[in-house]
Protein chains: 2
Amino acid sequence: MQITVLAGGIGGARFTRGLLHHLRATHVDAEVTVIGNTGDDIRLFGLQICPDLDTVMYTLGGGISEDRGWGREGETFTVKDELAAYGVKPDWFGLGDRDIATHLVRSQMLAAGYPLSAVTAALCDRWRPGVSLVPMSDDRLETHVVVDGDEPGTRKAIHFQEWWIRHRAGIPAYDFVLVGVDAAQPAPGVLEAIRDADVVLLPPSNPVVSIGTILQVPGVRDAVRTTAAPVVGVSPIVGGAPVRGMADACLAAIGVETSAAAVARHYGARVDATGGPSTGGLLDGWLVHDETDAAAVGELTPLGIATRAVPLLMTDLDATAAIAGEALALAETVRR
Amino acid sequence: MQITVLAGGIGGARFTRGLLHHLRATHVDAEVTVIGNTGDDIRLFGLQICPDLDTVMYTLGGGISEDRGWGREGETFTVKDELAAYGVKPDWFGLGDRDIATHLVRSQMLAAGYPLSAVTAALCDRWRPGVSLVPMSDDRLETHVVVDGDEPGTRKAIHFQEWWIRHRAGIPAYDFVLVGVDAAQPAPGVLEAIRDADVVLLPPSNPVVSIGTILQVPGVRDAVRTTAAPVVGVSPIVGGAPVRGMADACLAAIGVETSAAAVARHYGARVDATGGPSTGGLLDGWLVHDETDAAAVGELTPLGIATRAVPLLMTDLDATAAIAGEALALAETVRR
C-alpha cells in the first residue's frame, strides 16, 4: 500500500507520526511518502534553511523538541547569540546550534550541486524517518507575503518567515506570492507519488501556506485531482480556530472563513453534486472535530465531500494514530 | 609611533597583548598594525576559517580561551558533535559554536564580495582589538604539507591543519607549500605598514608556518628587508624547544635546528659583517631567553644581529609586556 501525504510543518509531521504508529499497530504494510513544503525555506547567513522538511525529519526521526514542536530537543542558541553580538541581521529567526549542523550539511551539498531532494535523502540517512521525505520541488521557492508598505497606501512583500516569526502573523497580509513558481518543477517522484498512491492524505497542515503552497507547484494540483486514489483531508481548524499556528491569519488573507467547513469548500470536492468530476476540487473525504464541527457533515456531504466527525485533537501519539486510522477508513469508503 | 607586528596565532597574539600593555603602561602613543598569517586558513563545511586572525582578534579583544590559547572562552561544541552525527568529514577540526558565528559572518561577507581585509575590519568592529589587524593577503592562500603518500615511496600534500591538528605534527613533513602564492598580492596596507613603520617586530610565532608564510607573500620579504625601521625578533625557541606549539617539527622539515640561534640565522642579518646590507637577511635585533640561550649573544652579534638575553617566558601579562619592552628598547639601539 502506498500512502502519500502532503505536509507542512508541525501539524503534518505529527499527523504522519501518528499515521506510522497506526500502520505499525494494525500491521498494515505500507510505504509512506511525504511531500514536504519548501515555500517557507529561507537563506540566512549563507545557510539554506528548510523549516518544514526539518520538522518532518526531526519529528519522525526522534529529534524534535516536543515542547516547541520545531527544532531539536535540548537545543541551544549560542551561534544565534554570537551573531547578534556581531550586530548582523536578521536577529528574529530561531537558529539553534544543533539545527545549524543540518543547515551546514545541506548548504554545502547544495553548493556542491546536489539537488535538494538528494540532500534531503542524505540527511534522512541519519534520521531514518520511516517515510520517503521528498521536497515539493528541487527549485528554490519562497513564499512572500504582501503587507502594508512603509509609506501610507503602499504595499510591499516580505519573506514568509519575517511575517510569521518576526511579526507573528500579526500584521495584515493581503496576499501570498510563491516566488519562483513559474519556473519551478516538482521534485523527482512527487507527481508519481500522487499518481501511484493508494491513498492521498492532506494532514491538518496550514491550507494556505503549507498544503496550498505544495499545490501551486506546477502539476501537483492536477495530480491530486486526477489520481485514482481517494484524497482525504483532516481539518486543521477546530471550533473556528486553528489547533496550532496562525492559519486563521492566512485564511483571512485569501478570503476564506476560519472554519472546518470553509477550508473543505476551499479545497473543493473532486465530484460535483451528480457524482461526476468537479471543476478543480481536490477532496473525496474530510475529517472534522466531533465536539465542535459535527454540523459540517450535513453541510459538506451534499457537496460531494464525504465528511466524518471524529476526535481530531492530536493530544498524544495514540490519539493521533486514531485520527490517521479514521482518515484511512474514510478513504476506503470513498474509493472508486 | 607606528609599530608593525608580523603575527601567527597564539605566540603572536599574546606577545601583541603584552606589547599593548607595555605601551599603555609607559604612556607611549603608538599605532600598532598586526599583519596576520592566513596560510593556516581552511574552508570547512562551506565556512572560511582563519584561525590565526581569530586568535589575534579574540586574544586582544578579550574573547580568547586562556586555557587553550585558541578559540573562545566558554566555548561549546554542539555543532561539531552534530556534524559528526551526520558522518560528515573532517571530524578532527575544533569547530566551536561561538567561533562558528565568526565564520558565518566572514563567509557571508566574502560570498558577498568583500575582501578578507574588509571582513576582518568588520569583525574587529565588535572585538576592538586595539590594533589594526590586517590579513597578509586578500587572496586565498593555504599552507599544505608534503608528507609520505599512501603507497611506499610516494608523497602527497595535505592541508596544514590536517598535519597540525589531526596528526599533531607527528608525521614527517618534507616541505611546506603555500598554495596560491604565485598569484597572491599583499592585502592593502601591508607593504605600507612595513615600509612606514618605526619598528617592525617578529614576535615568538612559528618561524616557518606563521612568519615564514607571511614573508612568502610577494613583496613582504623585500619590504621587511628595506624598511627604514629596525626589525627585531623574539625567539620562539627557548632552551632548544618551542615554548608552545610544534615549531620544532616545522624547523626540522626545512633543515633548521631547533635553537634560538639557528632561527635567528634562518631569518638572517640585515647587515653583513662589515655593516653593509646583507643578501636577504631580515633581523637587526634578536631576543633570546636568558636562562637557557645566553650563549647565542656571542654567536649572533658577530653576524650583525644585535642579540640580548632576557626573560622570554610569557607567563603573565606583565612578563609579556616586559618582553615587548625589551624588544622596543633593542630596536632603539639598532635604529640607523
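How many bridges join β13(A) to strand β14 (residues 306–310) of chain A? In this predicted model, five bridges join the two strands, which run parallel. Residues are numbered from 1 along each chain as its sequence is written, while chains are lettered from A and ligands numbered from 1 in the order in which they are written. Because the model is predicted, local features need pLDDT of at least 70 and side-chain atom pairs count only at pLDDT 80 or more, whereas totals for chains, interfaces and linings use all residues.

Strands (E, at least two residues) and helices (H or I, at least four residues) are DSSP runs numbered from the N terminus, and two strands pair if DSSP finds at least two bridges between them. Strand β13 of chain A comprises residues 285–289, and five of its five residues are buried; a buried residue has 20 or more other C-beta atoms within 10 Å of its own, with C-beta atoms placed from the backbone. In general, side chains in a regular strand alternate between the two faces of the sheet. In β13(A), Gly285(A), Leu287(A) and His289(A) lie on one side and Trp286(A) and Val288(A) on the other, and both faces are covered. Strand β10 (residues 231–234) of chain A also pairs with β13(A), in the parallel sense and over three bridges. Leu287(A) stands opposite Val234(A) and has Arg308(A) as its bridge partner in β14(A).

Strand β13 (residues 285–289) of chain B pairs with β14(B) over five bridges in the parallel sense, and Val310(B) is the bridge partner of His289(B).

Ile35(A) is found in strand β2 (residues 31–36) of chain A. This residue is buried, because 29 other C-beta atoms lie within 10 Å. Thr4(A) is 31 residues from Ile35(A) in sequence, yet the C-alpha atoms are 7.3 Å apart. Leaving aside neighbours within four places in sequence, the contacts of Ile35(A) include Leu6(A), Val134(A) and Ile214(A), where contact requires C-beta atoms, placed from the backbone, within 7 Å.

Between the chains, 20 residues of chain A are in contact with 20 residues of chain B. On the side of chain A that touches chain B, α3 (78–85) and α4 (97–111) are the elements giving two or more residues. Of these, α4(A) gives the most, with nine residues.

How values were computed: Contact = placed C-beta atoms within 7 Å. Buried ≥ 20, exposed ≤ 12 C-beta atoms within 10 Å, placed from the backbone.
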